Amino acid sequence: MFGNRIKIDDELFEKIKQCAAKAGYASPEEFIQHVLEKEVARLSGGDAPRDPEEEVKKRLQGLGYIE
Amino acid sequence: MFLLLLLAVAISCGLGRSPVSKKLLVIGIDGMDPQLLERFMAAGKMPNFSALAARGGFTRLTTSIPPQSPVAWSNLITGMDPGGHGIFDFIHRDPATLAPYLSTSRVEPPRFSLPLGSWRLPLSSGATVLLRHGKSFWEILDEHGVPSVIYRMPANFPPVKTRARTFSGMGTPDLLGTYGTFSFYTDDLFVAAGAVNGGRVFPVTLEGGRVQAKLYGPYNTLRKGEPQASLDFTVFVDPAEPVAKIVLPDSETILREGEWSPWLRVEFELLPVLSNVRGICRFYLKEVHPGFKLYVSPVNLDPADPALPLSTPESYSRELAGELGPFHTLGIAEDTKALSGGYLNDEEYLQQARLVLEEQLRAFDLELSRFRSGLLFFYFSSLDLNSHMFWRALDERHPAGNVQLAEQHATVLEQLYVEMDRALGKALARLDDRTTLLVLSDHGFAPFLRSFNLNAWLQQKGYLALQEGASPGIGSAAGDFFKNVDWSRSRAYGLGLNGLYLNLSGREKQGIVHSGAEADALIAALTRELLAVRDPASALPAITRVDRAAQAYSGPYAAQAPELLIGYNRGYRAGWGTVLGGISAEVFEDNLDPWSGDHCMDFTLVPGVLLSNRKLAASAPSLTDIAPTILLEFGVAKPSQMKGASVFEKSP
């Protein structure tokens, strides 16, 4: 009912609240959930979300001439 | 009699081919360097090249500005400079957005689709478009009834429509639409997971003697959200022996540690029952115990059933697959990024590069054995890619080299040159008195010791401005795509390997430089200052030549070129990050990457080679002379837009 709880440093949580409000998230929880989902997807090597800039870079990297 | 009459009508209407008795064999060896060739010839390692040089001729072949393969081969294909064919660099940009893209081709999605639940059904077909302009020499030969076989010509994907038999080369993507994305599976927690340069790393766990994993295919544009298509596979690991069995949905293979699988076919479902795409890949079992490491090559388009057009006619690709079995179709098949990232070591990369060469040699034997008339053009990639990767073993000054590397791999390039000599020997054995032979390369090679970060230099000199509070990055933190640039105060930017563009008003979205006197003065100042740049580590000039596109190019596309083409000194090249708009803190850096040789520099410093069994008469032949030479060999006059002349005729 209460879900999982994770302890976050007060100072960091203040920054998260500010960032969430600035970026238009409904709540700090929504922001945290979104950021963690992205990071988990990246680290688990799962289905990569489409990012136009990253996609261009990935397309070109195989040429060998760029990093 | 009626049949004979019908045949005669068909030939006169151009439906058939008149017999052509003349034969022209052109062997294109990407990156063959005249200095190395001379060194190996002098050492007696290249008897066939020496014999050819003595019989006909051997000279340097002036390369393109800039000397990059897509530009150089487009010069050769069309007989025009980049102003005529529109390819200025590996990488171009959209002036409105500054988004970079591969210069030679573009994939366009279907224009209309019908949403249906979680699916999106295409109502029109997408298209792959070749961005190179100008008519190729084989199209002109085709119009004159001369048959051609063109094998893996760069900058010809998708292959132009023609009756010639052509197979696409550099510029051909993998099944994911990239220019090569490998997959690497490991249970090593210290290997960073996720997207890496040229590939993706997947963390896996070994449980109950098996590893479950997914191999990813193309983004599925037929589904909402365009998820990446994937298939599941299982690796069964022997508990004691360094052996594993890889089980895919339609095949399985057993590998020992350090062994490559044969090509395996994989199929990705895009729309149940209705739409699947097929590809081929090879697995390399790098380590079984104590850790698990499995490399999977980029998923190549299957030549037996290509998801994108690979050949003309379409049946040529299937026919080659039937004769040769599956083979690399990816434009740049040698997986240099897997070596640069450490996912394959030097030995493992060389094994993969040799597999590519062996396939090319088999295809060469096949085409040579059935070459009866007309033109055969055949392309070899090995010298180029391996000169990029193993120059560090040749040059003791290289920051990425060391004694051990030199001891183990100093002769890698020599061995590959010798392989080219053997291939030439096969061709020479088949030469008859009606065959002309040309052996050529698009450019030579030089060390890549130091990076010059053009955008960092522009920023430090005040030509490129960052937003308030932003600062240049370091290494990979340098950012791409001109992150944090204040375009309202920026007058110039570097993009691609040799391009420098002005931020022109009316062209770039936030352009501030006015064409005419202001642009001319800026170009003059930039040229003067760039030529004065000295490397603080050696006091050597980093740039020995700056060409202005308006003077170097002619033709309808000259205005799309970068204003300036930067010609780096031997030993120097554009920095890794600056190519895609990264702005780093340092202007100069040591190049520590295994990618240690390069040619994207002052074109006068890296000419290619030209050899023939006939006397070469031109005093300073260049790549744009090759198309007119080929046409004239078959008695076809060159079109007016071609710049050059036959290399067998004296220069005026």
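**Chains A and B in a predicted model**

Of the 652 residues of chain B, 50% count as buried, that is, 20 or more other C-beta atoms, placed from the backbone, lie within 10 Å of their own. This is a predicted model, in which local features need pLDDT of at least 70, side-chain atom pairs count only at pLDDT 80 or more, and totals for chains, interfaces and linings use all residues. Residues are numbered from 1 along each chain as its sequence is written, and chains are lettered from A in the order in which they are written.

Chain B contains 16 helices and 35 strands; these are DSSP runs (helices H or I, at least four residues; strands E, at least two), numbered from the N terminus. Because its radius of gyration of 25 Å is close to the 26 Å that the globule rule gives for 652 residues, chain B is as compact as a globular protein of that length. The radius is taken over C-alpha atoms, and the rule is 2.2 Å times the number of residues to the power 0.38.

An automatic or database assignment gives chain B domain 1 (182-301) and domain 2 (449-593). Their centres, taken over C-alpha atoms, are 40 Å apart.

Between the chains, 37 residues of chain B are in contact with 20 residues of chain A, a contact being two C-beta atoms, placed from the backbone, within 7 Å. On the chain B side, E13(B) gives the most, with four residues.

How values were computed: Buried ≥ 20, exposed ≤ 12 C-beta atoms within 10 Å, placed from the backbone.
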